[in-house]
Amino acid sequence: MSHKKPQQGLSRRGFIKGVGGSIVGAAAISTGAAGNSAEKYGEVMGPDRITITLTVNGRTYSPDVDPRQTLLDTLRDYLSLTGAKRVCNKGQCGACTVILN
């Protein structure tokens, strides 16, 4: 006959349940507090092209771009400024770095 010893303290299963519940609770709170994106970010643009104004190296440009366009693509494709390069397509290598002031 085997007698099991009563467990004292927190079990591994209890710990994992507690941590999991905390993460889900925190995610629910942060999602609910985010609010409306229009309130957070201002006017929503798109899906049509919009006119933006960029000053690059002292010169002002006003291209009509797709709102989902990246700064790198705008510089290269719309303004023909090819100094920044797309190499890895993930932003990890630093070739596409553009210094902002």
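**Salt bridges**

I searched the whole structure, a predicted model, for salt bridges and got 2.

I took D73 and R86 as one entry. Their side chains meet in a salt bridge, at 2.7 Å from N to O. I then checked where the partners sit. D73 belongs to helix α3, while R86 lies in the segment after α3. The two are 13 residues apart, and the pair links distant parts of the chain.

D73 has 16% relative accessibility, so I logged D73 as buried, the cut-off being under 20%. R86 comes out at 41% and counts as partly exposed.

I turned to R68. Its salt-bridge partner is D66. I noted 2.9 Å between the closest N and O atoms of R68 and D66. Is R68 buried or exposed? R68 is exposed, because its relative accessible area is 67% and exposed means over 50%.

**Nonpolar surface**

I moved on to surface patches. Which residues make the nonpolar patch of about 260 Å²? I found L71, V98 and L100.

I followed up on L100. Where is L100 placed? I located L100 in the segment after α3, the helix that spans 71-78.

**Recap**

I keep two items for the segment after α3. R86 in that segment pairs with D73 of the helix.

Key: Residues are numbered from 1 along each chain as its sequence is written. This is a predicted model: local features need pLDDT of at least 70, side-chain atom pairs count only at pLDDT 80 or more; totals for chains, interfaces and linings use all residues. Side-chain values use heavy atoms; hydrogens and water are left out. Patches are made of residues with over 30% relative accessible area and no salt bridge: like charges are joined within 9 Å, nonpolar side chains (Val, Leu, Ile, Met, Phe, Trp, Tyr) within 5 Å. Accessible areas come from the Shrake-Rupley method with a 1.4 Å probe; for residues, only the protein chains shown count as cover. A salt bridge is a side-chain nitrogen of Lys or Arg within 4 Å of a carboxyl oxygen of Asp or Glu. Helices (H or I, at least four residues) and strands (E, at least two) are DSSP runs, numbered from the N terminus. Buried means under 20% relative accessible area, exposed over 50%, partly exposed in between (1.4 Å probe, protein chains only).
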